Each structure stands twice: as structure tokens, then as C-alpha cells.
Amino acid sequence: MSLENRIKDIWFGNSCWKYPLLPLSALYAAVTSVRRFLYRRNILKSYRSSIPVIVVGNIMVGGNGKTPVVVGIADYFRKNGFRVAVVSRGYKAHPPAYPYEVTAESPAEHSGDEPKLILKRTGAAVIIDPVRSRAAALAEKQADVIITDDGLQHYALKRDVEIIVMDGIRRTGNGHLFPAGPLREGEWRLKCADYLINNGGEPRDGEVPMKLEVDGVLPVDETLSPLPDGAEIIVLAGIGSPARFYDTLSGMGYRIVRKVEIGDHEKADISLLLQAEKDYPLVMTEKDFVKYAGCGLKNSYYVPVSADLPENFYGELLSKVKRLSAGK
């Protein structure tokens, strides 16, 4: 069994290997509790933006569908007349300086994959900085509302609205904090958010239902013919939960003959991909696509997805932010 599968068995299965890790989880809980206490008492300072801040995050390690939610909210607010700025840590990004505003010309190495994707899908201002308060200070000069991609645990930036996105199938795993479990904060944290979005599962009382809708299978090279139904394919998914992507493609009738295994946010050697697509069409996530666009791929496709959320969720959120804007 691979290390990744062992971790999944501990976090989401019934493995007894979680028990030796519980002391480390207790230490993790103590450290994070002290940190939250220091911010609550203003011993550690938090930055309060002059415009409303919406945090979209989760309490579990890995991908839960945050980025499609950020894209959906940013797009909705822009269509309703708001100037939107998205703030991101820029995981795996290496810009020349911080804070860094992502542009259409930014190399993925500078911007990171998710910020580049958000810019491509929404046209909103996207600013990356591990110090999100510093990014927010720049963002508020050109926007009416700030949306943070992740950052639920980044208490150095005060927020006006908290949205937690939960994997509706795995929910909170074994319920333990890292490393014995997948949680960054305890399950109690779910009750503190303004909205709890259930991605792909059966929503419980008070949870906002969400599904990821596939927007097609698009060619990387626009001159390429559409991917035939039922084609045999090679897949690439540098995301937190690649199994969901594999299941989506299989459910669409494609036959996966090989997987290019890479970690979340990692980048594969382009020469390997060029060789792979000689054998079969290569299908990747949109987050991967932004890293390989312009690299000469000729038999490759990507799969954009969108968050399908209730209209009343967007409307209520818009009304809340309008009230906050008037108050500020």
C-alpha cells in the first residue's frame, strides 16, 4: 500500500494506526487553540479591511471544491456591479515579489495554478501573498469586495463573512485533528461559519447543497477535433482529490488506460506529457491546464467545472455584503 493510501486509510477508514498519532494531534490542538486565543484577545493583531471580506475555506486538509465556489461568487458579484478582488496565498507560486497581482501574462510559476485559473474564469483582480492582510490592503484600493481563496485559519485578516466548503461524501473523516485525522480545526468550527456548503453529498439541516458541473471536455489546442465519446485516455489530475476526477471521466464514458500520478499543485515534466499524448489523448483538470498552456501539447484536453449553487444562496450573500458595504 502506498503512503498516500495509508494516510487515506487512517483519515477516512478504520485503521488503528491513528492511535499512535493522537498525542501529536493533541499538541497540534493546543498550539492552534493558543493561536486563536491570542488573536481573540488582540495580543496578535488582525488587519480590518475597509471593504467587506468573504473567506471561502475549509477545516479539512486537501481539496474540497473551494476554488469553484470562489469563481462562482466572484462571477456573480461582478455581474451585479461589484469590483471584485480575490486574495490567495498562492500555494507553490514563486513571484518576483509580494504582494503580486496576477495578470493574463503571468507565468504559472509566478502566479500558482489556482490564482491563474480564477483570473481566467472571472476577470477579477487576483492578488497573491502568504500574508493575506498585506494582499487585502492592496486589493481594497481597486475593489468593492474581497474574496479569499482559502484562509479560514488565517486570523491575521479579519473577515465579515465565513463560508466553509465541505466534501459532502467524506465530511470530516475520522473526526481527528492532523496528523491522526484530516482536520485543521475541530468539528465545532463548522458551527461558526455563516454558510456551510455541502459539496456532492446529502445536505443536512442548514447546509447549502452544491454539485460540480462539468462544462465540457475542451481541447488545449483549439484546432483539435472534439474528443470522441468512449475514447481511451490518459488522465492527469494534480489536485487534492484526484479520484473524484477519475470517477467523473469514467461516468462520462471515457476509458482510463493510464494515470499520470502527481501531487496536489505539482507540475509534471512536460516531456512526459508530450510522450504520453502520442499514445492516447491526455485529459487533465482545468487547474492543470493553466500550467501547461502554450507548452506545445497537441493531443490534450481539459475539463472545466463550475459550482452549481442555489440562486437564493447567491442572493442572500449579495444582500449581506451590500449591508456590510453601507455600514463600512
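Here is a walk through the strands, helices and cores of this structure.

What you're looking at is a predicted model, where local features need pLDDT of at least 70 and side-chain atom pairs count only at pLDDT 80 or more, while totals for chains, interfaces and linings use all residues. Residues are numbered from 1 along each chain as its sequence is written, and side-chain values use heavy atoms, with hydrogens and water left out.

Let's start with strand 1, residues 53-57. Helices (H or I, at least four residues) and strands (E, at least two) are DSSP runs, numbered from the N terminus. Five of the five residues in strand 1 are buried, where buried means under 20% relative accessible area, exposed means over 50%, and partly exposed is in between (1.4 Å probe, protein chains only). In a regular strand the side chains alternate between the two faces of the sheet. Here both faces are covered, with Val-53, Val-55 and Gly-57 on one side and Ile-54 and Val-56 on the other.

Strand 1 has parallel partners to look at, and pairing is called when DSSP finds at least two bridges between two strands. Strand 5 (residues 145-149) pairs with strand 1 over four bridges in the parallel sense, and Val-53 has Ile-146 of strand 5 as its bridge partner. Strand 6 (residues 161-167) also runs parallel to strand 1, joined by four bridges, and there Val-55 stands opposite Glu-162.

Now for the nonpolar interior. In soluble globular proteins, nonpolar side chains tend to be buried together. A nonpolar core, as used here, is a set of buried Ala, Val, Leu, Ile, Met, Phe, Trp, Tyr and Cys residues joined through side-chain atoms within 4.5 Å. The largest one has 51 residues, and those with the most contacts inside it are Ile-54, Ile-73, Phe-77, Ile-163, Phe-313 and Leu-317. Helix 3 (residues 66-79) gives this core its largest share, seven residues. If you leave aside neighbours within four places in sequence, Leu-317 is in contact with Ile-54, Ile-73, Phe-77, Val-161, Ile-163 and Tyr-195, contact being heavy atoms within 4.5 Å.

Helix 5 (residues 113-122) is worth a stop. Eight of its 10 residues are buried, so helix 5 is largely enclosed by the rest of the structure. The buried ones are Asp-113, Glu-114, Pro-115, Lys-116, Leu-117, Ile-118, Leu-119 and Thr-122. Their cover includes helix 3, strand 2 (84-88), helix 4 (108-111), strand 4 (125-128), strand 5 and helix 9 (286-292). Take Leu-119: it counts as buried because its relative accessible area is 17%. Setting aside neighbours within four places in sequence, Leu-119 touches Val-102, Thr-103, Ala-104, Ala-124 and Val-126 by the contact criterion. Its C-alpha atom and that of Met-252, 133 residues apart along the chain, are separated by 28 Å. After helix 5 comes Gly-123, with a positive phi near 75 degrees.

Strand 9 pairs with strand 13 (residues 300-303) in the antiparallel sense over two bridges, with Pro-219 opposite Tyr-301. Strand 12 (residues 282-285) runs parallel to strand 13, and four bridges join them; Met-284 has Tyr-302 as its bridge partner. Both faces of strand 13 are covered, with Ser-300 and Tyr-302 buried on one side and Tyr-301 and Val-303 buried on the other.

Between strand 10 (232-236) and helix 7 (242-251) there's a loop that holds Ser-241. Ser-241 counts as buried because its relative accessibility is 17%. Leaving aside neighbours within four places in sequence, Ser-241 is in contact with Gly-63 and Arg-170. The C-alpha atoms of Ser-241 and Gly-263, 22 residues apart along the chain, are separated by 9.8 Å.

Finally, let's go out to the surface. Val-31, in helix 2 (residues 18-40), counts as exposed because its relative accessibility is 52%.
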